[in-house]
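Morning, everyone. Please have the model up on your screens.

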Amino acid sequence: MVQVMERTRERAGLKQTAAPAVPDVRPLVYDTKLLNLWYGNHHALKNIDLPIRENEVTAIIGPSGCGKSTYIKTLNRMVELVDDVRTSGEILYRSRNIFDRNYPVEELRTRVGMVFQKPNPFPKSIYDNVAYGPRIHGIRNRQILDEIVEKSLRGAAIWDEVKDRLNTNAYSLSGGQQQRICIARALAIEPDVILMDEPTSALDPISTLKVEELVQELREDYSIVIVTHNMQQAARISDRTAFFLSGEVVEFDETDKMFSNPEHKRTEDYISGRFG
Amino acid sequence: MRITEKPPARVLIDREAVAGRMGFRKAVNAAFSVLFLSATLLALLVLGVLFYRIVSQGFGHLSPAFFENFASRMPEKAGVKAALVGSLWLMAVVAPVSLILGIGTAVYLEEYAKKNRLNDFIRMNISNLAGVPSVVFGLLGLTIFVRALALGNSILAAGFTMSLLILPVIIVAAQEAIRSVPRELREASYGMGATKWQTIIRVVLPGAVPGILTGSILALSRAIGETAPLIVIGVPVIIQFLPAGVLDTFTALPMQIYDWAKRPQAAFQEVASAGIIVLLALLLAMNSVAVLIRNKFQKRY
Amino acid sequence: MGNPAAPKRATVRQMIAKSAGNKRKRAAERAVPVVLFLIAAVSVLTTIGIVGTLVAETVTFFTKVPFWSFITGREWLPFSNKDAQFGILPLIIGTLKVTFIAVITAVPIGLSAAIYLSEYASDNTRRIIKPVLEVLAGIPTIVYGFFALTFVTPLLQTVIPGLKIFNALSPGIVVGIMIIPMIASLSEDAMSAVPNPIREGALALGATRFEVAVKVVLPAALSGILASVVLATSRAIGETMIVSLAGGATPAFNLGFTDSIQTMTAYIVQVSTGDAGYGTPIYYSIYAVGFTLFLFTLLMNWIAHRITKRFREAY
């Protein structure tokens, strides 16, 4: 099993930046404490405890319906767009409880960018897509916007592909390009954390590889939480991995350790493909 | 044990009888398919006859003078000027009022309204309002706008009445258009820290504009052809001047047509037909715009 | 990458942080739902206005004319100076005559068109026929009224010798034509909603298209079809201009279709175009008639609502 993972990693041609030497010294970005969440009567998240650290990629894996998407959407309170959601416990973002009444949710979402399962660019030009965030936050100076757009598109490794057609509709791009536009859009407001909810599930293998490479680069500047149903992907790109099952965190550890030597039987069963 | 007889299933169905009835059944099918088609074509035929009658009767009367003359006792001098201008004035009131009310209500119901009894009541109320006859809206306009608010039989009174009449149509069209904007786009906007109102203004409404426009133009074309509410609120017919503001008295195309159609002289039938051609041309233009918008923006997501 | 951008990064964040405290933005965010709710309340106010207006003026009417003689009277002679009579039955009968003819004209044609469109027509045919039906639905009723008066009535007179220039038949047929698109499109919606596997199941057993349409699709779509007919009936009851132009102004308490009649709507129009003084019984009578009309259409809409709710098929 372990060898399979290693090989996948090599084949993907990714540099092995995930150093097991990363100790628990990096500052905390998020700290989840005893989080519970209900959709109506459905208990979707149960007693979650999970720290997320700066400049790391934290992967969340688990079978569908395990609560991994719900959890990542709780981190920027997007989960509240659904009616009838209740939570208990707390999530500290930079030591501040995001469920605090006085915490404006818009401020949280400005600091925490999100990339979604399906590429969801606006039906606007590439430029307007990337400039959307700065504009809603009051930046109107064209020169500054130009700079932000270029920097974000470069940051999302798509500048060279689109620099000559910034005014064309983002819908004319391929799925993989659209997803990178969405990443650029998230980068434009210079977030602290980027949440990625199965960002490659709708993409072809080549586009997937590009996004994975991009995640590796983004780690230098951002803290990243990525939900994925693809265990190889988690093994390839993440520093730490949390395994969710039926709304609980079964195991959370450094990725290499988790995939080579899982502590729990259920984790082992899942990563070796016995279910899910 | 060996089975010597045929299986019972075969005995129950007499294949020859089935085959024998087949011809009859196919004939019935063919006969009815012709019948259904002819019924459909009949409806289309009526439309053709209607257009043919109107155009053949009224075309001779269409002349530049017809557009420059006011109403007259003499058919050859009767013109559509005051009515056409009046209808345009009416639209100038109805369009903004009904759009603001209609889109505002739709945004409230789709984006803000929580699931509770009050909002359910508002929804039910709108669908009931859609079934109220236009003449009853006329009675409302007469009591509230003409008398209580003392607007008289002005453009404003008629415009408000018509706006309320077409309000349910616009609300429903706008609701559908807003609902067709994918949830993912809203999420993208919220995810960037946009507020609800920013998301509505910058993402939801721009995405819904084609649908809203199409539905609204169709609703406005209904308002431009409505006669009964205008009659009830007392819009006059013989008007020899053009309105200068929204508080002036006016007349409208369907009112003028109604007056001409009622007159016994045969010559006025031609004038009425000419007026109808003008009205239908206006409607055709509006509907073409609606269809163009619909085709241009179809399947955007 | 990353490093050269580092100083810049702080500035964008600062710019964003600066605008976050924008008071106008926050105030707008709080005011908008209130304003939109008030706008949405206009439709409720409209209903209250309609019901309030009708009830208030009708009550005034009943201080001048006894309620009982209004709902049981067989004579409607409001303009008689000496002996004005306000018995609404003739107006109701006039309305029902027109509605009856309209429904028996529109249901067979509308349903046939719906079956044809839903079960027989190819996509291309449908793409042509449906817009044409929409055009039929978009023609102003004043145009239909003119058509009834100047074309359908003379045409019918050549077939039915005793037909008066104003009668119930001609406006009835034309109102029927007007509601065909409504029945056709709503019924077609109901039939198209019947899932294809049900059709395929029947076709695979060797049923003809006609048998599928009549024995499988029609029963499954029955509630939607009934609702469409009831809604179209409601529309026919409230129709005003066609009956005003072609129906006449003679309230009649009989069952004939060839003589001049008057419907409730046509009476309201007649009074509105005349010069009945404000405050006279005639003035208030249009509200009493309007209220009666409103109750009829409300009843129809309620029935349609019940039908769709009660018989909603669970596929």
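A salt bridge, for today, is a side-chain nitrogen of Lys or Arg within 4 Å of a carboxyl oxygen of Asp or Glu. Keep in mind that this is a predicted model. Over all chains, the structure holds 28 salt bridges.

Start in chain A. Glu107(A) and Arg96(A) form a salt bridge through their side chains, at 4.0 Å from N to O. What does this pair tie together? Glu107(A) sits in helix α3, residues 105–111 of chain A, and Arg96(A) in strand β5, residues 96–97 of chain A, so the bridge ties together parts 11 residues apart in sequence. Now accessibility. Glu107(A) counts as partly exposed, at 35% relative accessibility. Arg96(A) is partly exposed as well, with a relative accessible area of 35%.

Next, chain B. Here Arg123(B) pairs with Asp120(B) in a salt bridge, and their closest N and O atoms are 3.7 Å apart.

Now chain C. Glu188(C) makes a salt bridge with Lys130(C), with 2.9 Å between the closest N and O atoms. This pair links distant parts of the chain. Glu188(C) belongs to helix α7, residues 169–192 of chain C, while Lys130(C) belongs to helix α5, residues 123–138 of chain C. They are 58 residues apart. Is Glu188(C) buried or exposed? Glu188(C) has 4% relative accessibility, and the cut-off for buried is under 20%, so Glu188(C) counts as buried.

One more item on charge. Glu54(A), Arg94(A) and Asp192(A) are joined into one network by salt bridges that share partners.

On to the contact between chain B and chain A. How many residues does each chain bring? Chain B contributes 17 residues and chain A contributes 24 residues. Together the two chains bury about 1,800 Å², with 63% of that on carbon and sulfur atoms. Which residues lead on the chain B side? Glu187(B), Met192(B) and Arg202(B) supply 36% of the area that chain B buries against chain A, more than any other three residues.

And the polar side of this contact? There are 0 salt bridges between chain B and chain A. There are 5 residue pairs in polar contact, both residues at pLDDT 80 or more. Two helices of chain B, α8 (183–191) and α9 (196–225), each give at least two residues to the side that touches chain A. α8(B) gives the most, with 7 residues. By class, that side of chain B has 7 nonpolar, 6 polar and 4 charged residues.

Last, the core. The largest nonpolar core has 272 residues. Which of them touch the most other members? Tyr30(A), Tyr71(A) and Leu153(A) do. Take Tyr30(A). Leaving aside neighbours within four places in sequence, Tyr30(A) has contacts including Leu50(A), Pro51(A), Ile52(A), Leu75(A), Tyr93(A), Leu108(A) and Val193(A). Asn76(A) is also among them.

That's my set. Over to you for discussion.

Methods: Residues are numbered from 1 along each chain as its sequence is written. Chains are lettered from A and ligands numbered from 1 in the order in which they are written. This is a predicted model: local features need pLDDT of at least 70, side-chain atom pairs count only at pLDDT 80 or more; totals for chains, interfaces and linings use all residues. Side-chain values use heavy atoms; hydrogens and water are left out. Contact means heavy atoms within 4.5 Å. Buried area is the accessible area (1.4 Å probe) that two parts lose on being put together, summed over both. A polar contact is a pair of N or O atoms within 3.5 Å; within protein, one must be able to donate a hydrogen and the other to accept it, and residues adjacent in sequence count only if both atoms are side-chain atoms. Helices (H or I, at least four residues) and strands (E, at least two) are DSSP runs, numbered from the N terminus. Ala, Val, Leu, Ile, Met, Phe, Trp, Tyr, Cys and Pro count as nonpolar, Asp, Glu, Lys and Arg as charged, and the others, Gly among them, as polar. A nonpolar core is a set of buried Ala, Val, Leu, Ile, Met, Phe, Trp, Tyr and Cys residues joined through side-chain atoms within 4.5 Å. Buried means under 20% relative accessible area, exposed over 50%, partly exposed in between (1.4 Å probe, protein chains only).
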